[in-house]
Amino acid sequence: MAAPMELCCWGDGWGLPSPHPESLIVMAYAKFSGAPLTVNTINNSWRALKVDVPVLISEDIVTSQPAKILNFLRKQKYNADYELSAKQGADTLAFIALLEEKLLPALLHTFWVDAENYCSVTKPWFASRMPFPLGLYLPGKMSRKALNRILLTRGAPPLYSLTEVEAQIYRDAKECLNLLSKRLGTSQFFFGDRPTTLDAFVFGFLAPIYKVSFPRVQLQKHLKHLSNLCRFCDDILTCYFRLTVSGHSPAGQDTADANLQKLTQLVNKESNLIEKVTFASVSNFPASLLLLGHRWMTTFVRVLSIPLES
């Protein structure tokens, strides 16, 4: 009897099983390969939080990072690629490398670096699902990590300024989307009528761009002009996750947007308060800390009363 497998990952939002690309890749591959995962989504009742989610736990083996998790599942005989030829296997590796080089920087920028998207959508969504006090500082840490990754991989000469880097990564992302659209053509999946590892990676990267309601949607607009890629995402959501899919916002989205706006105001208000708190002396420390804790506990109680299904 196979050992039970538990996947710890970010949960659903905006009509997706998860808007977190890495979590979505693993969830999709598990569906494609028939791997019986127990999904444990992160929420604010957790006492601790592993930054490198998703994490797969099987007995005493803990595996993180999508590529390593997928390799672990293959070793357990859950293989979505068993019908691929050697050439198709090589093409899979080449396209995944292309996604990580050309599309991932723009995806990270859209979620974590663009100030308007981060403050109004990304930060409040992730903070609402983090245990106290991680919701206080972890989104900012994740944002800085994303920016550092972009600058490390794309900030070399001749791209000296952040503005130049931003322009280049979005050009590269659009070219990557065009190439994926041409490669997919009229096929249901990238290698015929069965989804594989490549389909899991493409879906994990594209679906959040396609579905998350950002105020700045430069990449989303380009993606929505590529109808076969949108159809590809919709088909996987419908066939493998049994989610209702439409070309517009899901039912109840107006209510969800209003709730998200309220949460955004709460999180930003409290974050600004935290930044202004200074511990001027040791004698003031206990009182300041108590005030800080009270303010945040009050905020989280209010957050828990806001339904956040998107």
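Contact, in this account, means that heavy atoms lie within 4.5 Å of each other. The structure is a predicted model, in which local features need a pLDDT of at least 70 and side-chain atom pairs count only at pLDDT 80 or more, while totals for chains, interfaces and linings use all residues. Residues are numbered from 1 along each chain as its sequence is written, and side-chain values use heavy atoms, with hydrogens and water left out.

Met5 lies in strand S1; helices (H or I, at least four residues) and strands (E, at least two) are DSSP runs, numbered from the N terminus. With a relative accessible area of 5%, Met5 is buried, where buried means under 20% relative accessible area, exposed means over 50% and partly exposed is in between, using a 1.4 Å probe and protein chains only. Although Met5 and Pro36 are 31 residues apart along the chain, their C-alpha atoms are separated by 7.1 Å.

The chain as a whole gives this residue its setting. Its secondary structure comes to eleven helices and four strands, and of its 310 residues 49% count as buried. Among the contacts in the chain with a separation of 6 or more, 75% are between residues 24 or more positions apart.

The four strands form an open sheet in the order S2-S1-S3-S4, with mixed pairing; two strands are said to pair if DSSP finds at least two bridges between them. The edge strands, each pairing on one side only, are S2 (37-41) and S4 (61-64). From one strand to the next the twist averages 20°. Strands of a sheet pair through backbone hydrogen bonds, either parallel or antiparallel. Strand S3 (residues 55-58) and S4 pair in the antiparallel sense over four bridges, and Val55 stands opposite Ser64 in S4. S3 and S4 also form a hairpin with two residues between them, and Glu59 in the turn has a positive phi of about 55°.

Helix H2 (residues 66-75) touches S1, S2, S3 and S4, and its direction makes about 135° with that of S4.

Helices also pack on one another. Helix H3 (residues 86-113) and helix H6 (residues 162-184) pack at an angle of about 135°, with their axes 8 Å apart. H3 and H6 are therefore oblique to each other, since angles under 35 degrees count as roughly parallel, over 145 as roughly antiparallel, 65 to 115 as roughly perpendicular and the rest as oblique. Among the residues that meet here are Phe95, Leu98 and Lys102 in H3, and Ile169, Asp172 and Leu177 in H6. By class, this contact of H3 with H6 has 13 nonpolar, two polar and four charged residues, where Ala, Val, Leu, Ile, Met, Phe, Trp, Tyr, Cys and Pro count as nonpolar, Asp, Glu, Lys and Arg as charged, and the others, Gly among them, as polar.

Asp172, in helix H6, counts as buried because its relative accessibility is 4%. Leaving aside its neighbours within four places in sequence, Asp172 is in contact with Lys102 and Arg154.

H6 has a further partner in helix H9 (residues 227-240): the axes of H6 and H9 come within 8 Å and cross at roughly 75°. That makes H6 roughly perpendicular to H9. Leu177, Leu180, Ser181 and Leu184 in H6 meet Asn228, Leu229, Arg231 and Phe232 in H9, and by class this contact has five nonpolar, two polar and one charged residues.

Finally, the loop between H6 and helix H7 (197-211) holds Thr196. Is Thr196 buried or exposed? At 3% relative accessibility, Thr196 counts as buried, and, not counting residues up to four places away in sequence, Thr196 touches Phe32, Ala80, Asp81, Leu84 and Phe191.

How values were computed: Axes are lines fitted to C-alpha atoms, for helices over the stretch in contact, and angles run from 0 to 180 degrees between N-to-C directions.
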